[in-house]
Amino acid sequence: MTLAERWEAFSQRERYLVIAAGALGLMALLYNSPLARLGDLSSGGGEDERWVQLQKIENYQKLLARSEAANERTATLRVRYNQNQQKLIEGETPTQVGAELQGRMSTLASDAGLNVLSSQIVKEDEVEPFRRVGVRITLSGTLEGVTRLLSSIESGTTALSVTHLEINRKLGASRRPPTRGAVSSVAVSPLTATMEVKTLMRQAL
């Protein structure tokens with residue numbers, strides 16, 4: 001049976017149902033076609049899509065600017081950190097740093113007019129993430145000399161700190177009151193000073 005014969009065999013009502021079903025199928029096909037989607041993008045969706053893309057570009061530019069600023073701050077901090085590292089005594093081991101610190105303290109004491117009676121390296125301690133090395137030094141001289149030494153330590157280019165200081169009158173010093181016309185014994189009487197001076201070890205970068 002041909003298609004025309006089949007169509008003729010349908011009743012009037014059946015023909016209406018077949019035509020309605022075909023029309024609905026055609027409408028569904030057109031609605032879901034790529035041309036219909038393209039029309040939606042060109043009318044409303046395209047503008048939204050462009051706005052979204054612009055927002056993404058702006059957000060990326062903001063993130064890029066923040067990253068560049070963070071890199072600049074990191075570089076600045078690294079330079080300052082390296083400068084501060086240069087203020088510390090160079091040495092790979094606590095013994096090397098301690099020996100160098102002993103030599104510098106001996107030179108500073110001599111420049112201040114003090115005599116070094118004894119000097120020893122003290123046990124290192126941890127100051128996370130650094131290690132701190134120090135020396136314990138006993139000196140003899142005058143109070144003025146001790147003051148000059150402390151000033152040299154504080155104003156020097158090397159980062160040093162005095163963690164302990166003890167001053168005593170030297171044994172055998174005269175306790176008699178000064179005679180008329182003589183310089184006060186308080187200003188010239190000898191004394192001993194014991195101090196601990198410490199510094200941090202450099203960190204390997």
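A salt bridge here is a side-chain nitrogen of Lys or Arg within 4 Å of a carboxyl oxygen of Asp or Glu. By that rule, Asp125, Arg132 and Lys198 are linked in a network of salt bridges, and a search of the whole structure turns up 6 salt bridges. Bear in mind that this is a predicted model, where local features need pLDDT of at least 70 and side-chain atom pairs count only at pLDDT 80 or more. Residues are numbered from 1 along each chain, and side-chain values use heavy atoms, with hydrogens and water left out.

**The network**

- Arg132 and Asp125 meet through their side chains at 2.8 Å, N to O.
- Asp125 also pairs with Lys198, at 3.9 Å, N to O.
- Lys198 counts as buried because its relative accessible area is 11%, whereas Asp125 is partly exposed at 22%; buried means under 20%, exposed over 50%, and partly exposed in between (1.4 Å probe, protein chains only).
- Arg132, at 25% relative accessibility, is partly exposed.

- Arg104 and Glu100 form a salt bridge at 3.1 Å, N to O.
- Both sit in helix H4 (residues 94–111), 4 residues apart, about one turn of the helix.
- Arg104 is partly exposed at 31% relative accessible area, and so is Glu100 at 35%.

Conventions:
Helix = DSSP H or I, 4+ residues; strand = E, 2+ residues; numbered from the N terminus.
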